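Reader: I would like a close look at one part of this protein. Please keep it brisk.

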Amino acid sequence: MDVTSIPQTRGEGWYLALMPPNIKGPMYAWLDPSRLYCNQQALKDCIEDLAQPFLNDPIDLVAGIDAMGFILGAGIANRLAKGFVTVRKEGHLCVQSQSAAYSDYTGRRKVLEMRTDVIKPGTRVLMVDQWVETGGTMEAAIGLVEQQGATIAGIATICIEDTEGGKRIKAKYKCSTCVPEHLQHQFNSHHLDSFTTFHQPASTLK
């Protein structure tokens, strides 16, 4: 699908077909979700789908995880008319902060940081990231929020894969994703039927 084209009929999760497969190898994510952000209608529909389950919920603040969670998180915060706070990678905050170590989907050890002057005990926070694969990043961010006495109001992300960590998150929190149930198995297997529309499919990886 052309990155700027908008189909006449926009079915559930239609924009997921805009995401191309990884062609660079195992140190990268298996697909590129950010391509759908290049399509204004896709970005709008994605944000609307993620925000919809929380429109009537008592949410005080939206937290987006570095880096792609900033895009979706800010969009969802705007849709919900709430403030937005960032969960940063180590070394970017020049104010008092708390930190949490974690391992991402590649197994690399990293550190997240969050400012301590915004969240108060009892604040209801909606957590947003682009993707949840192993769950390590999201669980570290949740820990930072909960350490400050806040409550997790929910999780919003394009996809939560059915990994051990993904299942833990789904079982514990209200979650909003863009993936229809009938496509979940494709996301779990890291291969979408829509990859066939791209000139260089994932099978070309060395």
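How far apart do the end C-alpha atoms of residues 40-182 lie, and what share of the span is helix and what share strand?

Author: This is a predicted model. The end C-alpha atoms of residues 40-182 lie 25 Å apart. The span is 31% helix and 30% strand. The UniProt record, an unreviewed entry, places the feature "domain: Phosphoribosyltransferase" at these residues.

Now the helix pair. Helix α1 covers residues 40-51, and helix α2 covers residues 69-80. Their axes are 9 Å apart, and the two helices pack at an angle of about 65°. Angles of 65 to 115 degrees count as roughly perpendicular, so α1 and α2 are roughly perpendicular to each other. The crossing of α1 past α2 is right-handed.

Next, the residues that meet. From α1 come Leu 43, Cys 46, Ile 47, Glu 48, Leu 50 and Ala 51. From α2 come Ile 71, Leu 72, Gly 75, Ile 76, Arg 79 and Leu 80. By class, this contact of α1 with α2 has nine nonpolar residues, one polar and two charged.

Finally, the setting. The protein has five helices and nine strands. Starting at the N terminus, the elements run α-β-α-β-β-β-β-β-α-β-β-α-β-α. The C-alpha trace spans about 50 × 40 × 30 Å along its principal axes. The radius of gyration of the protein is 17 Å. A compact globule with 206 residues would have a value near 17 Å, so the two agree.

Terms used: Residues are numbered from 1 along each chain as its sequence is written. This is a predicted model: local features need pLDDT of at least 70, side-chain atom pairs count only at pLDDT 80 or more; totals for chains, interfaces and linings use all residues. Side-chain values use heavy atoms; hydrogens and water are left out. UniProt positions are given in the numbering used here, feature names are shortened, and annotations may be inferred rather than shown by experiment. Helices (H or I, at least four residues) and strands (E, at least two) are DSSP runs, numbered from the N terminus. Axes are lines fitted to C-alpha atoms, for helices over the stretch in contact, and angles run from 0 to 180 degrees between N-to-C directions. Angles under 35 degrees count as roughly parallel, over 145 as roughly antiparallel, 65 to 115 as roughly perpendicular and the rest as oblique. A crossing is left-handed if the near helix is turned anticlockwise from the far one by less than a right angle, and right-handed if clockwise. Contact means heavy atoms within 4.5 Å. Ala, Val, Leu, Ile, Met, Phe, Trp, Tyr, Cys and Pro count as nonpolar, Asp, Glu, Lys and Arg as charged, and the others, Gly among them, as polar. The radius of gyration is taken over C-alpha atoms; the globule rule is 2.2 Å times the number of residues to the power 0.38.
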